[in-house]
Amino acid sequence: MIKTFSIGGIHPDKHKITAHNPIIDAGLPEYVYIPIKQHIGTPAKILVKQGDKVKVGTLLADSDGIVSADIHSSVSGEVVKIDNIPDAFGYDEKMIVIKVEGDEFEASIDTSSDIVKDIPFSVDEIIQKIRESGIVGMGGAGFPTPVKTTIPEGKKVDFLIVNGIECEPWLTADDRLMIEKAEEIVVGAKILNKILGIQNAIVAIDENKPEAIEVVRNITRRYVGVNVCECQTKYPQGGEKQLISAITGREVPSGKLPIDVGCVVQNVGTVFAVYEAVLKNKPLFERIVTVSGDDCAQPQNFRVRLGTPASFLIDKCGGLTQKTAEVIFGGPMMGHTVINLQAPITKLTSGVLLLSEKETHRPDMMDCIRCGKCVDACPIGLRPFLIGVYTRNNMIDELKDIHTMDCIECGSCAYICPARIPLLDYCKLGKIEIRKKQKG
Amino acid sequence: MLKVATAPHMFSPLDTKRLMRDVVIALMPAAVVAVFFFGLNALTVILTSVAACVMWEYLFVHYLLKQKSTINNYSAIITGMLLAFNLPATMPLWMVLIGAFMAIVVAKMAFGGLGKNIFNPALVGRVFLFISFPVQMTMWMKPNWHDFFNTDVQTAATTLGILKHLDASSSATSLTHEVEAVHDIPNYLQMFVGYTGGSLGEVSALALLVGGAYLLLRRVITWHVPFYYLATMLILTSAMWLLTDDVRYEPLTHLLSGGLMLGAIFMATDYATSPMSVKGKIIFAIGCGLLTFIIRFYSAYPEGVSFAILIMNAFVPLIDKFYYPRVYGTGRK
């Protein structure tokens with residue numbers, strides 16, 4: 001049975017033009033720029049200094065506290081600079097700059113393409129390996145994975161949901177990964193099953209990825225405790241809360257976490273990284289990135305070393321044109337416009353989109369005509385038009401009363417609004433104002 | 001040069017202008033039928049009403065508000081068409097001008113323009129004319145497609161008018177009179193295509209349904225309001241018909257006559273004057289159906305759609321206050 005969430009949702013054009021492009025290696029740039037914070041939480045502590053020689057997989061920075069993640073080198077070469085460098089969005093971030101020399105891996109990394117199926121480690125050993133590999137949620141949130149897989153006292157897990165939805169238009173990185181690394185992902189799910197003490201992993205894939213569904217389903221037949229669930233193609237089906245309600249019928253209570261309803265959700269990219277970390281001793285130093293968009297001459301799915309400048313990928317795909325209006329990290333619904341093309345690909349960059357003015361044009365805002373389309377579209381059941389009114393008038397208590405804090409910032413309201421009211425901006429602003437007031 | 005923008009970076013092609021243009025397109029079949037049956041008179045009334053509405057809006061925005069003109073969003077054209085659809089073909093044109101003034105200036109612009117009006121502008125215009133000029137507003141032309149230039153205008157009663165007459169006469173006059181009057185009621189096919197006396201746009205259920213289907217297809221409206229409005233009327237009249245065996249309650253006749261189709265598909269679905277959530281829309285539609293039923297059967301007027309929708313319009317803020325979607329994660333009912 002094809003499942004989906006019951007409240008709201010929209011159907012933007014899919015634009016999955018790279019769905020049939022196999023993943024290719026992006027190659028090595030001249031320099032990589034590795035930020036020491038590619039996750040939610042505290043930045044990692046730098047262990048190297050200028051002039052140090054590093055290999056692929058060398059630990060560059062150590063996690064600082066529980067909510068933090070290790071950072072590894074993605075190339076071999078020499079550390080030439082450690083400095084504050086503007087990231088994709090113009091904010092200064094501490095980055096380690098490495099001049100690439102050759103491509104030498106740490107000896108411990110298993111670089112063979114053999115698929116390892118046995119999991120000879122204890123739960124503690126697995127968690128330790130995941131921690132030492134710097135794995136974070138690769139769907140975009142960047143929450144350190146060890147934290148998410150450590151179940152608090154008194155909580156019980158019923159479902160591990162492997163998120164293969166990728167409902168953002170244009171992006172196909174997860175789709176290709178599932179097609180090409182299906183067995184690794186299934187073994188990765190088994191590893192997570194073991195940590196969580198369950199036999200119930202569900203790989204959720206939406207209908208517009210028939211090839212991935214078939215490939216993964218065929219493999220899950222040979223494994224106990226991992227199954228595929230087909231979901232309807234609808235945005236934001238890949239949202240954690242939407243996916244949980246689609247598959248389990250449960251709802252994460254307002255202000256609570258998925259674990260409170262017995263669910264752990266992991267992106268397929270994260271699950272693949274877990275497999276590689278645990279069974280191939282490979283830390284997280286590369287990821288799949290879709291480079292696409294209506295202004296991209298040769299759209300591709302790349303395997304990219306973290307820290308590679310976005311411009312390196314863009315040039316490989318034909319470069320920018322006069323018509324390019326926006327470069328976006330992530331998808332067009334929730335992604336951010338890039339202002340610094342030299343900025344590196346990080347653990348969280350699922351796509352680089354080159355979009356034209358035609359695609360991104362936002363016409364002038366008009367008056368609300370009360371059509372109610374935002375109310376119908378909101379997957380949380382909020383009233384975005386009202387959030388807009390309250391935010392404009394600085395009515396913070398009222399904003400809180402109508403559950404503005406539950407907004408997942410999916411942008412469905414702003415997408416659908418015929419009067420082009422920037423409803424998502426109002427929601428984000430409203431949340432900021434509520435937090436400000438709570439702090440006093 | 002690259003832009004910096006906040007998410008989302010793509011937008012639905014459905015904008016205000018396209019939505020409004022789609023409504024104009026959806027009203028076209030009914031307009032064509034009106035001109036077919038009522039000839040030049042119908043065309044003149046429709047064009048006058050549209051021109052007057054656009055003119056009043058332009059004058060108001062340009063000279064009184066001194067702002068950028070809003071007439072290019074098609075909404076004044078819709079109001080103009082809907083107002084004309086609620087008038088008889090023989091309506092004097094100067095009265096149409098007054099109706100358009102009430103609709104645009106008083107009911108719409110005085111409240112702040114598109115989206116801010118509480119009452120459906122076209123219905124306010126119609127009701128104002130109905131109360132001010134009851135004679136002209138109830139003079140119905142007999143449909144005649146052989147006579148485009150209206151050389152031989154004959155009057156006819158509306159179906160609901162005949163039914164109301166039955167009501168008034170049932171106790172006083174003889175049974176034969178009643179039988180004769182029933183004989184004047186058009187058959188279902190005539191009512192369905194629009195070969196019956198009535199306001200310009202309301203006569204043809206077929207044309208209105210075609211327009212409604214187009215609006216649904218283009219996702220301009222959802223099915224809830226028309227469905228629950230018509231269903232409420234159908235259920236109430238059917239129940240009364242079965243209970244009393246009285247021809248006045250004949251359910252299909254009620255569904256196909258008067259302004260019910262026009263009201264359910266085009267007037268009660270007006271964005272600005274209907275609730276925003278699905279739950280609210282259903283309550284609103286059921287309220288409209290209930291009031292239409294009550295007015296049609298228990299008031300002095302044969303027709304109740306305009307009043308029903310206007311009364312329910314007044315409840316919209318209240319409905320919106322109490323009926324909205326359940327927020328995810330706040331407990332199921």
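**View 1. Helix α4(B) meets helix α14(B).** B:Leu123, B:Arg126 and B:Val127 of α4(B) touch B:Ser306, B:Ile309 and B:Leu310 of α14(B). Contact here means that the C-beta atoms of two residues, placed from the backbone, lie within 7 Å. By class, the residues of this contact are 4 nonpolar, 1 polar and 1 charged. Ala, Val, Leu, Ile, Met, Phe, Trp, Tyr, Cys and Pro count as nonpolar; Asp, Glu, Lys and Arg count as charged; the others, Gly among them, count as polar. The model is predicted: local features need pLDDT of at least 70, side-chain atom pairs count only at pLDDT 80 or more, and totals for chains, interfaces and linings use all residues. Residues are numbered from 1 along each chain as its sequence is written, while chains are lettered from A and ligands numbered from 1 in the order in which they are written.

**View 2. The crossing of α4(B) and α14(B).** Helix α4 of chain B covers residues 121-132, and helix α14 of chain B covers residues 305-322. Their axes come within 10 Å and cross at roughly 130°. Axes are lines fitted to C-alpha atoms, for helices over the stretch in contact, and angles run from 0 to 180 degrees between N-to-C directions. The two helices are therefore oblique to each other. Angles under 35 degrees count as roughly parallel, over 145 as roughly antiparallel, 65 to 115 as roughly perpendicular and the rest as oblique. The crossing of α4(B) past α14(B) is left-handed. A crossing is left-handed if the near helix is turned anticlockwise from the far one by less than a right angle, and right-handed if clockwise.

**View 3. Helix α9(B) packs against helix α12(B).** Residues 205-217 of chain B form α9, and residues 260-267 of chain B form α12. The axes are 9 Å apart, at an angle of about 10°. That makes α9(B) roughly parallel to α12(B). This crossing, too, is left-handed. From α9(B) come B:Ala205, B:Leu208, B:Leu209, B:Gly211 and B:Gly212; from α12(B) come B:Met261, B:Leu262 and B:Ile265. The contact has 6 nonpolar, 2 polar and no charged residues.

**View 4. Chain B as a whole.** Chain B has 14 helices and 0 strands. Helices (H or I, at least four residues) and strands (E, at least two) are DSSP runs, numbered from the N terminus. The C-alpha trace spans about 80 × 55 × 30 Å along its principal axes. Of the 333 residues of chain B, 52% are buried. Buried means 20 or more other C-beta atoms within 10 Å of a residue's own, exposed 12 or fewer, and partly exposed in between, with C-beta atoms placed from the backbone.

**View 5. Buried residues of helix α5(A).** Helix α5 of chain A covers residues 210-220. Buried in this helix are A:Ala212, A:Ile213, A:Val215, A:Val216 and A:Thr220. Their cover includes β9, α3, α4, β10 and β11 of chain A.

**View 6. A:Ile195 in helix α4 of chain A.** A:Ile195 lies in α4 of chain A. A:Ile195 is buried, with 23 other C-beta atoms within 10 Å. Not counting residues up to four places away in sequence, A:Ile195 touches A:Val123, A:Ile126, A:Ile127 and A:Thr149.

**View 7. Where chain A touches chain B.** Chain A gives 49 residues to the contact and chain B gives 30. Elements of chain A that give two or more residues include β15, α9 and α14. The largest share of this side, 5 residues, comes from β15(A). By class, the side of chain A has 27 nonpolar, 10 polar and 12 charged residues.
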